[in-house]
Amino acid sequence: MKIRAVGQIGTYLRRELVARTASLSCLLWPGQCRICRCPLEEDASVLCANCWRELSASLGHFYCRRCGRTVSPYGLLGEGCGHCAQEKIAYDGLLRVGLYQSVLRDLILRLKFHEATEFGDLLGDMLRAVFETRPWSESIDYLVPVPLHWRRRLERGFNQAFLLANQLRTFGVPICRDLVRIRYTRRQWDLNPAQRRRNVKGAFAVRRDHRFEDKIVCLVDDITTSGATLSECARVLKQAGAEKVYAIVLAFAEAVE
Ligand SMILES: [Zn+2]
Ligand SMILES: [Zn+2]
């Protein structure tokens with residue numbers, strides 16, 4: 001029953017995506033696909049048929065709700081999978097929109113590095129569709145965007161995780177920004193899993209008058225690879241008294257092992 005429900009997410013997502021983004025139309029580049037810039041057919045909106053197809057291909061795979069890796073339905077073991085059975089993961093569950101590839105990757109990169117904050121609505125639609133399917137029985141007290149160090153936020157001008165958390169506000173869950181990044185860390189991309197864990201160790205803290213005691217929180221971020229950042233955030237939140245820490249991300253990137 002559980003597996004069947006997971007399998008339905010792909011279909012649900014595709015239907016929701018097409019329906020919800022139709023209204024966005026081509027506000028930015030009328031008549032052009034927002035990703036590949038090829039001419040759009042008259043009744044198409046936002047993306048061309050080819051880009052929609054590629055985007056759909058990165059969504060809706062079976063994945064482990066503990067670590068986020070793509071697995072076959074037969075690879076799921078209880079709460080996790082064969083890959084993460086031996087891993088220490090501080091968060092209690094992970095939801096992802098899709099894989100960090102093709103059009104989904106392009107959308108995230110544009111949101112992140114080109115200040116194309118208008119893509120937030122499109123990505124927000126996808127995030128909301130996934131959040132709606134969450135299997136967690138508890139209601140979430142706070143959405144907690146994974147914080148950027150103030151230097152990086154200054155460089156970028158915004159925190160993309162906050163923009164995404166804001167997209168989930170329609171669920172009526174308040175955003176709490178009492179988790180802060182206290183150490184500037186190098187980017188995780190070219191590090192192996194062990195280096196990633198070391199890189200983020202001690203990088204986060206909670207504000208003195210935080211509100212996490214006995215709360216159920218959900219971290220929000222754009223991408224996760226090894227889960228090291230999310231896990232470190234969850235560890236700090238639990239140390240501060242959080243009862244459960246879940247996480248939702250737009251994309252899961254395959255880790256460099
Ligand atoms: Zn296109
Ligand atoms: Zn797993």
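Reader: What is the arrangement of the four donor atoms at the site of the zinc ion (ligand 1)?
Author: The four donor atoms of the zinc ion (ligand 1) make angles of 106 to 115°. Donors are N, O and S atoms within 2.8 Å of the metal (3.2 Å for Na, K and Ca), and sites may look incomplete because water is not among the atoms. Four donors whose angles all lie between 85 and 135 degrees count as tetrahedral, so the site is tetrahedral.

Reader: What pLDDT do local features need here?
Author: Residues are numbered from 1 along each chain as its sequence is written, chains are lettered from A and ligands numbered from 1 in the order written, and side-chain values use heavy atoms, without hydrogens and water. The model is predicted: totals for chains, interfaces and linings use all residues, side-chain atom pairs count only at pLDDT 80 or more, and local features need a pLDDT of at least 70.

Reader: How are the donor residues of the zinc ion (ligand 1) spaced in sequence?
Author: The protein donors are the SG atoms of Cys 33, Cys 36, Cys 48 and Cys 51, lying 2.3 Å from the ion. Cys 48 and Cys 51 are both buried (under 20% relative accessible area; exposed is over 50%, partly exposed in between, with a 1.4 Å probe and protein chains only). The spacing is C-x2-C-x11-C-x2-C.

Reader: Which residue in β7 stands opposite Leu 143?
Author: Leu 143 belongs to strand β4 (residues 142-145), where Leu 143 and Pro 145 are buried on one side and Tyr 142 and Val 144 on the other. Strand β4 runs parallel to β7 (residues 216-224), joined by four bridges; two strands pair if DSSP finds at least two bridges between them. Opposite Leu 143 stands Cys 218.

Reader: What is the relative accessible area of Phe 162?
Author: Phe 162 sits in helix α6 (residues 160-167). Leaving out residues up to four places away in sequence, Phe 162 touches Pro 145, Ile 175 and Arg 177, where contact means heavy atoms within 4.5 Å. Phe 162 is partly exposed, because its relative accessible area is 21%.

How values were computed. Helices (H or I, at least four residues) and strands (E, at least two) are DSSP runs, numbered from the N terminus. Four donors count as tetrahedral if all angles lie between 85 and 135 degrees; four count as square planar and six as octahedral if opposite donors are over 155 degrees apart and all others between 65 and 115; anything else is irregular.
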